[in-house]
Amino acid sequence: MHIDQWLNTIPALSVYLIVGGVIMIESLGIPLPGEIVLVSSALLASQTDHISPLWVGVFASVGAIVGDSIGYTIGRKGGHRLFAWAGRKFPKHFGPKHIEKAKGIFEKRGVWAVFFGRFIAFLRILAGPLAGSLHMPYRKFLVANALGGVVWAGGTTAAVYYLGIVAEKWLSRFSYFGLGAAVIAGIVISIIVKKRMTHVEEDEEAETKEPAPVTER
């Protein structure tokens, strides 16, 4: 079977549900590859006729908003227990130092941390539970969460989709290579975004550090 025919056998609804479900679960505070699933689905939409990038973006946005809202509720009712459990299960990602750094960012930036946190893998997972545990007003959280989710999901889907279209036009005679190039391009974009977000996190951490006291001679 030709690869184009194989791609067209994947039910569109299954793709939408997987995108929304993975992103929703990730937003609860469970580390899943939501960004990779979103990028892969947008690329798939660019290579097939039956999968709509619009619905990929819609399901991703809904999953992000609903997941963060549930995470907010969990964090408000039992944030300390959740962070303790996450620290035991995933010490490299949710150790005490990581949680304290994220709390410092949220306490300093407020709703802006919720909005821009959607673009940072680490904060994307903790945005809802942290906001709830810090008793951020839900209305403010919901507005920032919804705007961040729509911009992140819609922007990522549109960018990757059109990148896939361009790659397919350039390599239309070599469908295997065209799909491979599109997938590689999507992975490269994800790596670049994560590296940039890491620099942002390092800058945030540098800002929160207090200057060393000057000793008098």
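A salt bridge is a side-chain nitrogen of Lys or Arg within 4 Å of a carboxyl oxygen of Asp or Glu. In this predicted model, a search of the whole structure finds 1 salt bridge. Its partners are Arg 118 and Asp 68, whose closest N and O atoms are 2.5 Å apart. The pair links distant parts of the chain, 50 residues apart: Arg 118 belongs to the loop between α7 (111-117) and α8 (121-133), and Asp 68 to helix α4. Both Arg 118 and Asp 68 are buried (buried means under 20% relative accessible area, exposed over 50%, and partly exposed in between, with a 1.4 Å probe and protein chains only).

## Basis of the model

Residues are numbered from 1 along each chain as its sequence is written, and the model is predicted, so that local features need pLDDT of at least 70 and side-chain atom pairs count only at pLDDT 80 or more, while totals for chains, interfaces and linings use all residues. Side-chain values use heavy atoms, with hydrogens and water left out.

## Overall architecture

The chain has 10 helices and 0 strands (helices are DSSP runs of H or I with at least four residues, strands are runs of E with at least two, and both are numbered from the N terminus). Along the sequence, the pattern reads α-α-α-α-α-α-α-α-α-α. Of the 217 residues of the chain, 43% count as buried.

## Helix α2

Helix α2 (residues 12-27) contains 16 residues, and the distance from its first C-alpha to its last is 23 Å, close to the 22 Å expected at 1.5 Å a residue (the expected span is 1.5 Å times one less than the number of residues). The buried residues of α2 are Ala 12, Val 15, Tyr 16, Val 19, Gly 20, Val 22, Ile 23, Glu 26 and Ser 27. They cover an arc of only 165° around the axis, which puts them on the same side of α2 (the arc is that of the directions from the helix axis to the C-beta atoms). An α-helix has 3.6 residues a turn, so residues three or four places apart point the same way.

Ala 12, in helix α2, counts as buried because its relative accessibility is 16%. The C-alpha atoms of Ala 12 and Asp 49 are separated by 9.8 Å, although these residues are 37 residues apart along the chain. Helix α2 is followed by Gly 29, which has a positive phi near 115°.

The 14 residues of α3 should span 20 Å at 1.5 Å a residue, and the end C-alpha atoms are 20 Å apart, which agrees. Helix α3 is mostly covered, with 12 of its 14 residues buried. Among these buried residues are Gly 34, Glu 35, Val 37, Leu 38, Val 39 and Gln 47.

Thr 48 is located in the loop between α3 (34-47) and α4 (53-89). Thr 48 counts as buried because its relative accessibility is 7%. Its side chain reaches the backbone oxygen of Leu 44 at 2.9 Å, and Leu 44 is itself one of the buried residues of α3.

A nonpolar patch on the surface is formed by Leu 54, Trp 55, Val 58, Val 62, Val 66, Ile 70 and Ile 74, which together have about 580 Å² of accessible area. Patches are made of residues with over 30% relative accessible area and no salt bridge, like charges being joined within 9 Å and nonpolar side chains (Val, Leu, Ile, Met, Phe, Trp, Tyr) within 5 Å. Accessible areas come from the Shrake-Rupley method with a 1.4 Å probe, and for residues only the protein chains shown count as cover. Val 66, a member of the patch, lies in helix α4 and is partly exposed, with a relative accessible area of 34%.

Pro 53 also lies in helix α4, and at 23% relative accessibility it counts as partly exposed. Pro 53 and Tyr 16 are 9.6 Å apart in space, C-alpha to C-alpha, and 37 residues apart in sequence.

Ala 158 is found in helix α9 (residues 138-170) and is partly exposed at 34% relative accessibility. The C-alpha atoms of Ala 158 and Leu 54, 104 residues apart along the chain, are separated by 8.3 Å; Leu 54 belongs to the nonpolar patch.

Glu 107, in helix α6 (residues 96-109), is exposed, with a relative accessible area of 59%. Between the C-alpha atoms of Glu 107 and Met 136, 29 residues apart along the chain, the separation is 9.4 Å.

Technical notes
Polar contact = N/O pair within 3.5 Å; in protein donor to acceptor, adjacent residues only side chain to side chain.
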